[in-house]
Structures are given as C-alpha cells and as structure tokens.
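Here is a colleague's note to read beside the sequence and the 3D view.

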Amino acid sequence: MSGWKRREPDPKGTARAPSPSKEQPQLPYPDGWFAVATSGEVRPGKVLTRRLKGEDVVLYRTTSGRLSVVRPFCPHLGAHLGHGGTVRGDNLVCPFHQFQFDPEGTCVKTAYGTPPPKARLATLDFREVDDLVFVWSHAEGKAPQWEVEGIMGAGFRTPRCTRFALAAHPQDVAENFVDFGHFGTLHKVSMAPLGDQEIDGHLMRFQYQIRPGGERAGTKRYATLPAIHVTLEGIGSVRVEADAMKFGFELRARMSVTPVEADRSEMRVSVALRPTGTGRRPVASLVAAVAPRVFAPAAAVDIRRDAAIWAHSRYQEQPRLAQGDGPIMPFRRWARQFYGDPGQAPAQAG
C-alpha cells in the first residue's frame, strides 16, 4: 500500500521533497468511499477525469443521464479515455480508434464495421449521494462494505459546494473533529461535548455545542447553531446536522476528503438549509437558498486555519495527550479498520 508523504512549499511557491523528520511515520491511503465530483460537474454527454489515490478515474454521463465511472485506459490499445474520449448516446467512445463501450463497460462497436472484441472497461463502484459522486476504493480490491447515507432529504435545495486542496491526509481532517482542544486555541470557540462518542461499525457519532470563545468576528456565525450532530462516515466523509436553528431552519453539511496524491487531498464542503414548519415563508425560502453561499465559504475559512497546521505537521503515533484533548485515541482505534493491510495501519497507541 502506498505511504503518505507531505511536501512542504518553499518560499518561491514550488514543492520540495519532505525532510527526513517529516517523512516518518507515514499514514497509508485509507479504504472507503471518496467524493471525486459534484453531480452537476458531470453533465449529460460530458467526460471528466479526476485523481484518486495517485491514479486517474474517468466519469461520464450518457445523453440519457446515466452515470458511469471507469478506469482510464482503453483495453484495445491503451488510449486514455479521459483525454479526448466522448459520449455518443449511451456509449463512451475511445479517442484513438473510436471503439464504443456501453455503461456496463462492454465493448459494443468498432469504427470498422467489424464485430467488437471481447473487451471490457474496468468499472468502479460509485454512488451519487447529496449531489456528490462517491467512488469506492479498497487496497485489497474488496467490494463496498457499507453504503453512503444521504442526509439532505426533501425540502433541501441543491447543496452549495466549495472545493480546495489540502496538504493533509484524510485522517488528519477526520481526527480534527474529535480534537476538542484545538477549537479554543485555533478557532476561538469552545466545544461542549454532549455525552460520549458512539461507535457503530464504520460510523462514529458524537454531539457537541459550539459556544463563542472570544471576540473574533468570525465566531458570531456560530451564534445561531444549536446542538451539532457529527457523524464520521469512514475516513473520507463527515456529516454535520443541526436542527431547530434560529429563524426556523435545519442545516445539513458534508465535508468530504479525497486523497488524490501521496502528498495531497481535496476537500469538498457541501452545505444546504431547509425551512422548518415555523419558517416556511417566502423570505425563509429565499434565505435557505442564499445562506449556504455564506456558510460553505465560512466553514472553509476555519478549515484553512487547520490546513496551515497540517501542511507542516507529522503524524505522532504515540501522542502525549492531556485532559481536554478529546477522544483522540478512541478515534484512532476505530480508524484502523479503514486500512486494508493491518500491517500498514497506524499503530494502536494509548
């Protein structure tokens, strides 16, 4: 399994190799579902290439609206389907010899008028959930071991999604949500846990109350938030739910982290609001449509503060923890299940 290495930016803005002190220890790529695009990015007739764990994946949607996700190389003579490939009806067309493949990946037509060869594209398991396209990836090639659960049901508008790059491992981001201590020191808000964390297979759930912890203007945006329900859905996705907000709204957010290279991830922050029974007025519907444009970038501002730390940090297998840090070691023991090769998983400490 590939190891994870950070690359530090130099003052000129170019990447340089990590120093020995930064390279070890390393976290390998985790298994699970990872978001690679929003649904709207893969329009009918479009072919899109994205990176996942150091490799390309190709997404395309047929003219009738059916989505497929495949490995990038044509089984005929190896052309990259994401560079010049097109959609013709329900088929993906190779840019080299114009061989056509149906949504199941079967070669169904050549450009010569001759019978197609017995050839198939390597298809990938995917799910479209909450306006995101998730792709399953497992180091040992195992089939999906759980399903992605949607949280944005009827009444929620299309989520507002903000995407940016991180020099961080997906586990850094997931662990950040149980690192209660840093919320006060870095973000100037206090986190009051409401009970203990709950572990249910691939899920870890917990609740807390956010309270402003200083005069920083940015903390005011949390003033309308009630108890926050957080669900870690594997290493690659964090679900955030808040009901009974002021002015009659419910909030749903998903923070999805995808390892794209051995030193870089992409994060997508998706936010949607829904008016409650007391807030179903024209003005409430307008606010529900506009507010996510503020919430998603605002959340990204705080995440970038964390990202500035992650970019120059090293994974500590034996952290010296203190009271008030939060359930970091229970989280790490739970997280071990997402590394296909037990010998490559982070050590169980504490």
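1. The model is a predicted one, in which local features need a pLDDT of at least 70 and side-chain atom pairs count only at pLDDT 80 or more, while totals for chains, interfaces and linings use all residues. Residues are numbered from 1 along each chain as its sequence is written, and side-chain values use heavy atoms, with hydrogens and water left out.

2. On the salt bridges, a term that here requires a side-chain nitrogen of Lys or Arg within 4 Å of a carboxyl oxygen of Asp or Glu, the search of the whole structure gives 21. One of them joins the side chains of Glu266 and Arg268, at 3.3 Å from N to O. Glu266 counts as buried because its relative accessibility is 16%, and Arg268 is likewise buried, at 1%. Elsewhere, Asp130, Glu149, Glu233, Arg239 and Arg254 belong to one network, joined by salt bridges that share partners.

3. Glu147 pairs with Arg127, with 2.6 Å between the closest N and O atoms. This pair links distant parts of the chain, 20 residues apart: Glu147 sits in the loop between strand 12 (132-137) and strand 13 (160-166), whereas Arg127 belongs to strand 11 (residues 126-129). Helices (H or I, at least four residues) and strands (E, at least two) are DSSP runs numbered from the N terminus. Glu147 is partly exposed at 43% relative accessibility, and Arg127 is partly exposed at 25%. In the other pair, Arg205 and Glu198 have their closest N and O atoms 3.1 Å apart; Arg205 is partly exposed, with a relative accessible area of 25%, and Glu198 is partly exposed as well, with 43%.

4. Arg274 is buried, with a relative accessible area of 18%. A polar contact is a pair of N or O atoms within 3.5 Å, of which, within protein, one must be able to donate a hydrogen and the other to accept it, and residues adjacent in sequence count only if both atoms are side-chain atoms. The side chains of Arg274 and Glu250 make such a contact at 2.5 Å, and a polar atom of the Arg274 side chain lies 2.5 Å from the backbone oxygen of Ala154.

5. Strand 5 (residues 55-61) and strand 6 are paired in the antiparallel sense over four bridges, where pairing requires that DSSP find at least two bridges between two strands. The two strands form a hairpin with five residues between them, and Gly65 in the turn has a positive phi of about 105°. Leu59 stands opposite Val69 of strand 6. From strand 6 (residues 67-70), Leu67 and Val69 point one way and Ser68 and Val70 the other way, yet all are buried.

6. A separate point concerns the open sheet of four strands, which has the order 7-8-9-10 and antiparallel pairing. Strand 7 (86-88) and strand 10 (107-109) are at its edges with a single partner strand each, so one side of each has no neighbour in the sheet. Strand 8 (residues 91-93) and strand 9 (residues 100-101) run antiparallel and are joined by two bridges, and Gln100 in strand 9 is the bridge partner of Val93.

7. Cys107 is in no disulfide either, its nearest cysteine sulfur being that of Cys74, 7.1 Å away.

Definitions and conventions. Buried means under 20% relative accessible area, exposed over 50%, partly exposed in between (1.4 Å probe, protein chains only). A disulfide is a pair of cysteine sulfur atoms within 2.5 Å.
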